[in-house]
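Open the model in a viewer and keep the selection tool at hand.

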Amino acid sequence: MAIPLTILMVILAYLSGSLSSAVIISRLYKLPDPRLNGSGNPGATNVLRIGGTTPAILVLVCDILKGTIPVWCSYFLGLHPVSLGIIAIAACLGHIFPIFFEFKGGKGVATALGSLMPIGLDLTGMLLATWVCALLATGFSSLAAIIASIIAPVFTYFIKPQYTIPVAMLCLLIIIRHQPNIIRLIRKEEPKVWGKFKKKDQE
């Protein structure tokens with residue numbers, strides 16, 4: 001019973017992740033397509049750059065829920081921690097390679113964060129605080145996400161060690177997805193989150 005149920009939840013998680021919040025909300029707000037403007041990444045940070053705070057917050061909340069809902073449902077269905085990790089990865093893969101949007105998706109950070117919420121709000125809060133602190137210290141959303149991804153398995157080990165391997169699998173996917181950002185960071189070509197707003201103020 002567990003294997004068919006896991007397969008079903010993996011499919012549902014992928015389909016849930018494939019609903020590109022950034023594209024849908026940008027269309028509702030009549031904003032430019034985030035896949036073709038700004039950084040080209042259909043995520044909350046890029047929507048913030050091209051559309052402002054309100055649509056960006058909506059994108060962030062929706063992206064988090066795409067990960068939370070399927071994993072939380074699977075958690076209450078009593079699936080094994082490794083199965084939950086696979087389901088979380090499926091949700092992130094849906095966000096990264098959305099079947100409904102020509103397989104052109106985002107980085108999966110918010111969806112990954114949402115998928116970790118069933119493990120515990122304490123873990124979620126610690127990771128969110130890590131991301132915010134890293135963002136404020138560096139100005140780079142991508143670097144903040146990478147730092148949080150590296151630290152996440154460590155936090156998980158001390159909170160609920162049975163989920164360490166699934167969380168590490170998920171975080172590895174996020175880090176791999178950020179490979180272009182890592183290259184730009186090394187070359188000092190990565191834009192800061194508020195860089196565009198500073199340019200507007202100077203104009």
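Rings of Phe, Tyr and Trp (its six-membered ring) count as a pair if their centres lie within 6.5 Å; planes under 30 degrees apart are stacked, over 60 edge-to-face, and the rest tilted. The structure holds two aromatic pairs. This is a predicted model, in which local features need pLDDT of at least 70 and side-chain atom pairs count only at pLDDT 80 or more, while totals for chains, interfaces and linings use all residues. Residues are numbered from 1 along each chain as its sequence is written, and side-chain values use heavy atoms, with hydrogens and water left out.

Tyr 75 is partly exposed at 31% relative accessible area, and Phe 76 is exposed at 63%. Here buried means under 20% relative accessible area, exposed over 50%, and partly exposed in between (1.4 Å probe, protein chains only).

Next, select Tyr 157 and Phe 158. Their ring centres are 5.4 Å apart and their planes at 85 degrees, so this pair is edge-to-face. Phe 158 is exposed, at 67%.

Move to Phe 97: the charged end of Arg 177 sits over its ring, 5.7 Å from the centre. The criterion is NZ of Lys or CZ of Arg within 6 Å of the ring centre and within 35 degrees of the ring normal.

Finally, the cysteines. How many disulfides does a search of the whole structure find? It finds zero, a disulfide being a pair of cysteine sulfur atoms within 2.5 Å. Cys 133 is in no disulfide either, with the nearest cysteine sulfur, that of Cys 171, 17 Å away. Cys 133 is exposed, at 53% relative accessible area.
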